[in-house]
Amino acid sequence: DTHFQDEDDIHLLQHIYQAKSNEATMKTSVAILATAILSTASAFTVRQQHQLHPSSASSRLSSPLFMAEDGEEKAAPLVSGEQLEMLMTDWDTPLVVDAYATWCGPCLLMAPEFEEAAKELKGKVRFAKLDTDKDEQMAARLNIMGLPTLLFLDQYKAKEGEEPNPDARAVLKGKIEGALRKDNIKELCEFYFFDGPEPKAF
């Protein structure tokens, strides 16, 4: 059975992941995911050429990448960096991304908790997993420094009186480093996406 420490759930044995990116990658990151501070949130863009066609959204869950090894559909599927960009063009529901690595102990501890949260919030919040070793450029662009890292993303909307950013597609509502229980993940979703109460310390 998975075991979590009482007071250290959010900071279990964090491993520092230093993303490898050269100057050209960083320049691309600025152009593609230009950030703008929106109070406590950061808006970032996705590449215009990756438009999500209606058929893509309806068929992506049948892709082998979104299936478990035993063929069972995953509520929190593994996605590539390109697929993540596509997900960020479709905002019927908010999105939570688990940036992880297969060698990361806390990541493995949280994996079943993340999957269960995804099952219980299915249809209300989307969940996806990004392997930071396989998609180092995307991890660098998302500024992933510790593992696991949870990103809480929602559709970008300009505030009243603010000039809209025509390139912005998503807003980062929250970023949490460290392994969390299922209930903690659900509480954060309610807080960031549905005006729920601010969670107490985990």
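Here are a few worked exercises on a predicted model.

**Exercise 1.** Work out which face of helix α6 is buried, and what covers the buried residues.

*Solution.* 
- Start with the geometry: α6 runs over residues 182-193, so you have 12 residues to look at. The span from first C-alpha to last is 16 Å, close to the 16 Å expected at 1.5 Å a residue.
- Next, pick out the buried positions: Asn-184, Ile-185, Leu-188, Cys-189, Tyr-192 and Phe-193.
- Now look down the axis of α6. The buried residues fall within an arc of 140 degrees, so they line one face of the helix.
- Finally, check what comes just after the helix: Asp-195 has a positive phi of about 60 degrees.

**Exercise 2.** Classify the pair Phe-114 and Phe-127, and say what it ties together.

*Solution.* 
- A search of the whole structure turns up five aromatic pairs.
- For Phe-114 and Phe-127, the ring centres are 5.1 Å apart and the planes meet at 75 degrees; edge-to-face needs over 60, so that's the label.
- Check burial, where the cut-off is under 20% relative accessible area. Phe-114 comes in at 0% and counts as buried, and Phe-127 at 4% counts as buried too.

**Exercise 3.** Describe the pair Phe-193 and Phe-194, then find the cluster that holds these rings.

*Solution.* 
- The pair is edge-to-face, with 6.2 Å from centre to centre and 80 degrees between the planes.
- Now the accessibilities: Phe-193 is buried at 11%, whereas Phe-194 is partly exposed at 31%.
- Both rings belong to one aromatic cluster, made up of Phe-152, Phe-191, Tyr-192, Phe-193 and Phe-194.

**Exercise 4.** Locate Thr-93, list its contacts, and then look at charges that sit over rings.

*Solution.* 
- Thr-93 is in the loop between α3 (81-87) and β5.
- Its relative accessibility is 16%, so Thr-93 counts as buried.
- Leave out residues up to four places away in sequence, and Thr-93 touches Gly-123, Lys-124, Val-125 and Arg-126.
- Follow Arg-126 onward: its charged end sits over the ring of Trp-91, 5.1 Å from the ring's centre.
- There's another case to look at: Lys-129 lies over the face of Tyr-100, 4.4 Å from the ring centre.

How values were computed:
Residues are numbered from 1 along each chain as its sequence is written. This is a predicted model: local features need pLDDT of at least 70, side-chain atom pairs count only at pLDDT 80 or more; totals for chains, interfaces and linings use all residues. Side-chain values use heavy atoms; hydrogens and water are left out. Helices (H or I, at least four residues) and strands (E, at least two) are DSSP runs, numbered from the N terminus. The expected span of a helix is 1.5 Å times one less than its number of residues. Buried means under 20% relative accessible area, exposed over 50%, partly exposed in between (1.4 Å probe, protein chains only). The arc is that of the directions from the helix axis to the C-beta atoms. Contact means heavy atoms within 4.5 Å. Rings of Phe, Tyr and Trp (its six-membered ring) pair if their centres lie within 6.5 Å; planes under 30 degrees apart count as stacked, over 60 as edge-to-face and the rest as tilted. A charge sits over a ring if NZ of Lys or CZ of Arg is within 6 Å of the ring centre and within 35 degrees of the ring normal.
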